[in-house]
Amino acid sequence: MSNGGGDGFILEGVRRLGAVAIFLVRLFGECLPALRRPRLLVHQIYNAGARSLIIIMLSGLFVGMVLGLQGYDLLQRFGSVDALGTAVALGLLKELAPVVTALLFAGRAGTALTSEIGLMRATDQLTAMEIMAVDPLRHVAAPRFLGGVVAMPLLTAIFSLIGLYGAQLIGVQLMGVDKGVFWSQMQGSVGLRDVTEGMVKSVVFGIACSLIAVHEGYHAEPTAAGVGLATTRTVVASSVITLLLDYVLTAAFL
Amino acid sequence: MVVDVRGLHYAVGGRPIFAGVDVQVRRGRITAIMGPSGTGKTTLLKLITAQIAADRGEVRVRGEDLAALSRSEIYALRKRMGMLFQNGALLTDMDVFENVAFPVREHTNLPEALIRKLVLTKLQAVGLRGAAELMPGELSGGMARRVALARAIVMDPEMLIYDEPFVGLDPISLGVIMRLIKHMNEALGITSIVVSHDVRELATIAHDSYLLSGGRVAAAGAPEQLRASDSPAVRQFMTGSEDGPVAFHYPAPDYAAQLFAADES
């Protein structure tokens, strides 16, 4: 019996993956020229980064507080609350900060990127650029992509810092863990490799989420429904890819 | 000849849009491309500006076969063209001044003072120097189209392409746009292609005209010649009559049968 449906699904998946890969290569090709327009790039870092700050800081604080609370509850069962600083720092720096930042980035900055570029397509702005002999990939897509790639590690770092402060707030100020022990344990056991792991993840997530957002917007069907669908796809695809890549990178770093 | 289209065939999803179309646009003249909605007027513009490629036939612009050009050569050719989109297609994250300055900034290294003079001159030509600091969202449809026109002429193109320039305009804006098209042609010698189905407006400004229908050129010549044509398809379009070869109704099953079928179900 034929399994045409399954074959079709796989073929379509491979075709889409190939299209995204080609788009990524073209995008990388346009990144150098885009770097020569620092004004455009700074504007996009501001859009993707600075405008996501409040949601990142708030989430970082709450995630840190929850980590502090759960960590304390867990560690006190084994009589080792002194290790709270280490546990929280490792959890945040290596895992939660890059992953949660990427998920929030996909929901805030990613959707904004997709809908903006999609609407530019729907209102002929990208075609107008083409007719004016200006490559929209260079002028619209590349700066937005780069802006996202630069913003993600910065946001992750801010998330980590605020998260650590939130954990300290609960662990030290509320639960009474010794302040000196909390920080010295952390300092003693968290190495550069742990920080690097988190930062590498954030760069990879930055590339993946920005690529998906820009690609979906650039190829959105130029209708209201098409732009809406592309925006949804950005969130879904970014979230799934982030979690998948997280597993791959965690395994690679072990 | 600025644009020479010969034996053009183009289909979308198996549905033929053009089946052997010939269109010639002569230098320094206003050429009108007319036809009922859905006859592929905008598609023809996309073919002339190399946004899409013909299935068969030849599209030559300034003597160059578009099918044989590389991407950079197409871009070089486009620098000599300006196009006015139906909705203006202004870049919404820039104000009016920056929109008009956009092609200049992209393609030249002119000093800021010179760019400012150039942009203000073009905005003055379309009567919107005072609106330089407005954002596209603050403009009316007619104003947006005039800003788009200023942007289209800022690089002093040899050819201007207008896609449905009269749609949705009030009589005053329509008159202004018509005068501007005529002025661009007479004062600056710009070759113009105007795609529209507004017969009356086109008849007053066009030198040559083509009527597209059913994937072919149904008639060609001066607007007066088209009006005098005894072809039923041409006469129906020029007079806006409901009766003629172009049916009012989209193909559908028998009306009464469909109504009764609905009752029975």
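Me: In E9(B), which residue is the bridge partner of Met34(B)?
Reply: This is a predicted model: local features need pLDDT of at least 70, side-chain atom pairs count only at pLDDT 80 or more, and totals for chains, interfaces and linings use all residues. Residues are numbered from 1 along each chain as its sequence is written, while chains are lettered from A and ligands numbered from 1 in the order in which they are written. Strand E3 (residues 30–34) of chain B pairs with E9(B) in the parallel sense over four bridges; two strands pair if DSSP finds at least two bridges between them, and strands are DSSP runs of E with at least two residues, as helices are runs of H or I with at least four, numbered from the N terminus. In E9(B), Met34(B) has as its bridge partner Leu211(B).

Me: What is the average twist from one strand to the next in the sheet with E3 and E9 of chain B?
Reply: That open sheet has six strands of chain B in the order E6-E7-E8-E3-E9-E10, with mixed pairing. Strand E6 (81–84) and E10 of chain B are its edges, each pairing on one side only. Between one strand and the next, the twist averages 15°, angles being taken from 0 to 180 degrees between N-to-C directions of axes, which are lines fitted to C-alpha atoms, for helices over the stretch in contact. The value is 15°.

Me: Which residue in the turn between E9(B) and E10(B) has a positive phi?
Reply: Strand E9 (residues 208–213) of chain B and strand E10 (residues 216–221) of chain B run antiparallel, joined by five bridges. In E10(B), Ala220(B) is the bridge partner of Tyr210(B). The two strands form a hairpin with two residues between them, and the turn residue with a positive phi, of about 60°, is Gly214(B).

Me: Which helix packs on the sheet of four strands in chain B?
Reply: The four strands form an open antiparallel sheet in the order E2-E1-E4-E5 (chain B). Its edge strands are strand E2 (15–25) and strand E5 (64–65) of chain B, each pairing on one side only. The helix that packs on this sheet touches strand E1 (3–12), E2 and E4 of chain B and makes about 120° with the direction of E1(B); a contact here means C-beta atoms, placed from the backbone, within 7 Å. The helix is H1 (residues 41–48) of chain B.

Me: Why are the buried residues of H2(A) said to be on the same side?
Reply: In helix H2 (residues 38–48) of chain A, Gln44(A), Ile45(A), Asn47(A) and Ala48(A) are buried. They lie on the same side of H2(A) because they cover an arc of only 160°, the arc being that of the directions from the helix axis to the C-beta atoms. On the other side, Pro38(A), Arg39(A) and Tyr46(A) are exposed; buried means 20 or more other C-beta atoms within 10 Å of a residue's own, exposed means 12 or fewer, and partly exposed lies in between, with C-beta atoms placed from the backbone.

Me: How far apart are the axes of H3(A) and H4(A)?
Reply: Two packed helices are described by the angle between their axes and the distance between the axes. Helix H3 (residues 53–77) of chain A packs against helix H4 (residues 84–122) of chain A at about 145°, with the axes 10 Å apart. The contact includes Gly64(A) and Leu67(A) of H3(A) and Leu92(A) and Leu96(A) of H4(A). The distance is 10 Å.

Me: Is Gly64(A) buried or exposed?
Reply: Gly64(A) sits in helix H3 of chain A and touches, among others, Leu92(A), Ile162(A) and Gly166(A). Because Gly64(A) has 28 C-beta neighbours inside 10 Å, it counts as buried.

Me: How many residues of chain B are in contact with chain A?
Reply: Chain B has 265 residues, of which 37% are buried, and its secondary structure comes to 10 helices and 10 strands. On the side of chain A, 10 residues take part in the contact with chain B. From chain B, the number is 15.

How values were computed. Contact = placed C-beta atoms within 7 Å. Lists of a residue's contacts leave out its neighbours within four places in sequence.
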